[in-house]
Amino acid sequence: MAELRLEELSASNIVAANTLSLKPGQEQFIAPVTYSAEATVVNPATSWQRVVTIEDRVVGFIHGNFDPENAHEEFRACIWRINVDADVQGKGVGRFLAESLAEEAKRRGFDRITVLWEPGENGPEAFFHRIGFADVGETAYGDVIGALAL
């Protein structure tokens, strides 16, 4: 596979990021209910949004959050969303995005990152477990809280 390159989300790549394709059955797992609730109070200044490209084609997107003062520990250093185009799933793009966010978290002094997902068939649980996240809890909405020590 060609070299993966991380870029900030910008006006020049946002349309491509918004049109990443999914495999059948993945649509329901784009954002857990808990994220929708938290999004109403998240600070835009703490948001970390990046795309990954292969040969200038956007093939993935990650939205992270770095907010050490957040009242909810699971939202202090977390992956809000990670999308990988269906054509390149299973080829290291998602891992690259998660590792990039983990490196940024370490640089900012965090010792772990978290992610929430809705459990279910075709969901992201197996992916997050494969790259080292461990289940550490559950939200009031039934979403799984996963954590990765840095």
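Of the 150 residues that make up the chain, 43% count as buried, where buried means under 20% relative accessible area, exposed means over 50%, and partly exposed covers what is in between, with a 1.4 Å probe and protein chains only. This is a predicted model, in which local features need pLDDT of at least 70 and side-chain atom pairs count only at pLDDT 80 or more, while totals for chains, interfaces and linings use all residues. Residues are numbered from 1 along each chain as its sequence is written, and side-chain values use heavy atoms, with hydrogens and water left out.

### Overall layout

The secondary structure comes to 4 helices and 7 strands, these being DSSP runs numbered from the N terminus, with helices of H or I and at least four residues, and strands of E and at least two. From the N terminus on, the elements run β-α-α-β-β-β-α-β-α-β-β. Among contacts between residues at least 6 apart in sequence, 63% join residues at least 24 apart, a contact meaning heavy atoms within 4.5 Å.

After helix 3 comes Gly 109, whose phi is positive, near 95°.

Leaving aside neighbours within four places in sequence, Ile 82 is in contact with Phe 61, Ile 62, Gly 94, Leu 97, Ala 98, Phe 127 and Phe 128. The C-alpha atoms of Ile 82 and Leu 97 are 7.7 Å apart in space, although these two residues are 15 residues apart in sequence.

### The largest pocket

Rolling a probe the size of a water molecule over the atoms shows where empty space is left. The largest pocket holds about 660 Å³ of space, and the closest to its centre, of the 31 residues that line it, are Gln 26, Val 84, Gln 89, Pro 124 and Phe 127. On a 1 Å grid over the protein atoms alone, a pocket is an open set of points where a 1.4 Å probe fits, with protein on both sides within 12 Å along at least five of seven lines, and lining residues have an atom within 4 Å of a point. Grid points are joined across faces, edges and corners, and the volume is the space filled by probe spheres set on them.

Strand 4 gives the most to this lining, with 6 residues, and strand 4, helix 3, strand 5 and helix 4 each supply at least two. By type, the lining divides into 19 nonpolar, 8 polar and 4 charged residues; Ala, Val, Leu, Ile, Met, Phe, Trp, Tyr, Cys and Pro count as nonpolar, Asp, Glu, Lys and Arg as charged, and the others, Gly among them, as polar.

### Residues in the loops

Gln 26 is found in the loop between helix 1 (14–18) and helix 2 (33–39), and it counts as buried because its relative accessibility is 17%. Not counting residues up to four places away in sequence, Gln 26 touches Gln 89 and Asn 122. The side chain of Gln 26 makes a polar contact with that of Gln 89 at 2.9 Å, a polar contact being a pair of N or O atoms within 3.5 Å, of which, within protein, one must be able to donate a hydrogen and the other to accept it, with residues adjacent in sequence counting only if both atoms are side-chain atoms. A polar atom of the Gln 26 side chain also lies 2.8 Å from the backbone nitrogen of Lys 23.

Asn 70, in the loop between strand 3 (57–66) and strand 4 (77–84), has a polar side-chain atom 2.8 Å from the backbone nitrogen of His 72.

Pro 119 lies in the loop between strand 5 and helix 4, and its contacts, leaving aside neighbours within four places in sequence, are Phe 29, Gly 142, Asp 143 and Val 144.

Most residues other than glycine have a negative phi.

| Residue | Phi | Relative accessible area |
|---|---|---|
| Asp 56 | near 65° | 62%, exposed |
| Asn 122 | near 70° | 45%, partly exposed |

Asp 56 lies in the loop between strand 2 (47–54) and strand 3, whereas Asn 122 is found in the loop between strand 5 (112–117) and helix 4 (125–130).
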